[in-house]
Amino acid sequence: MAFTDLPADWPTRPITSPALLPDVLDLVVSERARASGSLFVLVCDAGDRLVLPIEIGEITTAPGRSARGDLLVPIMRQVADMEPGCGVLAAIARPGGLSATVDDVAWADAVASAAQGSVRLLGVHVVTVDGSRPV
């Protein structure tokens, strides 16, 4: 996995393609975010092409379920207003290995709940220095 492997025309392709997704995540999620922990929402158009990566910020402390929703629901609504028919892919950047943690699952659940009724959820992935994988 390396963003240097992306083909020149990758912006015209759906990022959900298994051949592109790991490399796009590698491009978007910085080493700093992986070291400190951060949540990303990758906004895609109706064709699942990347429109805008949004870094929500450090998630070093695990807020409760309602706090996660309070953070994510307004973002999903704004994204839906900005890009009708859009989809989002979430990336949980953190240190450590690629095994899904309880916190990863809680963030994935919060993203799915916040996206429901607003945007299409294309997936939630954990991204570390070891690579990426779906939660």
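Figure 1. Alanine 93 is found in strand 3, where strands (E, at least two residues) and helices (H or I, at least four residues) are DSSP runs, numbered from the N terminus. The model is predicted: local features need pLDDT of at least 70, side-chain atom pairs count only at pLDDT 80 or more, and totals for chains, interfaces and linings use all residues. Residues are numbered from 1 along each chain as its sequence is written, and side-chain values use heavy atoms, with hydrogens and water left out. Alanine 93 has a relative accessible area of 0% and is buried (buried means under 20% relative accessible area, exposed over 50%, partly exposed in between, with a 1.4 Å probe and protein chains only). Neighbours within four places in sequence aside, alanine 93 is in contact with Val29, Ala33, Arg34, Gly37, Ser38, Phe40 and Val127; contact means heavy atoms within 4.5 Å. Proline 18 lies 75 residues from alanine 93 in sequence, with a C-alpha to C-alpha separation of 19 Å.

Figure 2. Strand 1 covers residues 38-44, and seven of its seven residues are buried. Ser38, Phe40, Leu42 and Cys44 point one way from the strand, whereas Leu39, Val41 and Val43 point the other way. In a regular strand the side chains alternate between the two faces of the sheet. Strand 1 runs antiparallel to strand 2 (residues 50-58), to which seven bridges join it; strands pair if DSSP finds at least two bridges between them. Five residues separate these two strands in a hairpin, and aspartate 48 in the turn has a positive phi of about 65°. Seven bridges also join strand 1 to strand 3 (residues 87-93), again in an antiparallel arrangement. The bridge partners of valine 41 are isoleucine 54 in strand 2 and alanine 90 in strand 3.

Figure 3. Five strands form an open sheet in the order 2-1-3-4-5, with mixed pairing. Strand 2 and strand 5 each have a single partner strand and stand at the edges, so one side of each has no neighbour in the sheet. From one strand to the next, the twist averages 25° (axes are lines fitted to C-alpha atoms, for helices over the stretch in contact, and angles run from 0 to 180 degrees between N-to-C directions). Strand 3 and strand 4 run parallel and are joined by seven bridges, with alanine 90 opposite valine 124 of strand 4. Helix 1 packs on the sheet, touching strand 1, strand 2, strand 3, strand 4 and strand 5, and its direction makes about 120° with that of strand 1. Six of the eight residues of helix 1 (residues 21-28) are buried, namely Leu21, Asp23, Val24, Leu25, Asp26 and Val28. Helix 4 (residues 102-115) lies across strand 1, strand 3 and strand 4, and runs at about 160° to strand 4.

**Figure 4. Cysteine 44 and cysteine 86.** The structure holds zero disulfides, a disulfide being a pair of cysteine sulfur atoms within 2.5 Å. The cysteine sulfur closest to that of cysteine 44 belongs to cysteine 86, at 8.4 Å, which is too far for a bond. Cysteine 44 is buried, with a relative accessible area of 0%, and cysteine 86 counts as buried at 3%.

**Figure 5. Arginine 68 over tryptophan 107.** The charged end of arginine 68 sits over the ring of tryptophan 107, 4.6 Å from the ring centre. The criterion places NZ of Lys or CZ of Arg within 6 Å of the ring centre and within 35 degrees of the ring normal.
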